[in-house]
Amino acid sequence: MIVPRAGIVRLDGRPIGRLVESPDRRFVTFRYDEPYLAAPDAAPVSLTIPLASEPIETWGLHPFFRNLLPEGWLRTLAIAKLRVDEEDEFGLLLATGADCAGAVEVVPDDAAAEGPS
């Protein structure tokens, strides 16, 4: 059984939502955390991902998250050093997303890998 991979999305260090890859690894769903949505200072992570309680499902990574990935020679180096398949954008985001330029970070959600408790 393939365990879905997941990442915690943070904005300025504050957890705001979660990315979850489907078991077949074709779709990725982003959902804002309810406590974040209820906060008076909640802001969308992107204009293309408005604040909403409904999940946003995309084929592969949403373009906003895809644009956080390294490019060019840095992508080639990251894939080789981290031993991530070059077609595995979700895996590359989980491996490099804690060190993105700007205020957004994506870090692995280790609870997803552990499965239900």
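The questions and answers below concern a predicted model.

Reader: Which element gives the largest share of the largest nonpolar core?
Author: The largest nonpolar core has 26 residues, and Leu-93 and Val-106 are among those with the most contacts inside it. The elements that give two or more residues to this core include β1 (6-11), β2 (14-21), α4 (89-96) and β5 (104-108). The largest share, four residues, comes from α4.

Reader: In which sense do β1 and β2 pair, and over how many bridges?
Author: Gly-7 stands opposite Leu-19 in β2. Leaving aside neighbours within four places in sequence, the contacts of Leu-19 include Gly-7, Val-9 and Phe-65. The pairing of β1 with β2 is antiparallel, and the number of bridges is six.

Reader: Which residue takes a positive phi in the hairpin of β1 and β2?
Author: This hairpin has two residues between the strands. The phi in question is near 55°, and the residue that takes it is Asp-12.

Reader: What is the bridge partner of Ile-8 in β5?
Author: β1 and β5 run antiparallel and are joined by five bridges. In β5, the partner of Ile-8 is Val-107.

Reader: Is Glu-34 buried, partly exposed or exposed?
Author: Glu-34 lies in helix α1 (residues 34-38). Its relative accessibility is 47%. Buried means under 20% and exposed means over 50%, so at 47% Glu-34 counts as partly exposed.

Reader: What distance separates the C-alpha atoms of Glu-34 and Ala-52?
Author: Glu-34 and Ala-52 are 18 residues apart along the chain. The separation of their C-alpha atoms is 9.2 Å.

Technical notes. Residues are numbered from 1 along each chain as its sequence is written. This is a predicted model: local features need pLDDT of at least 70, side-chain atom pairs count only at pLDDT 80 or more; totals for chains, interfaces and linings use all residues. Side-chain values use heavy atoms; hydrogens and water are left out. Buried means under 20% relative accessible area, exposed over 50%, partly exposed in between (1.4 Å probe, protein chains only). A nonpolar core is a set of buried Ala, Val, Leu, Ile, Met, Phe, Trp, Tyr and Cys residues joined through side-chain atoms within 4.5 Å. Contact means heavy atoms within 4.5 Å. Two strands pair if DSSP finds at least two bridges between them.
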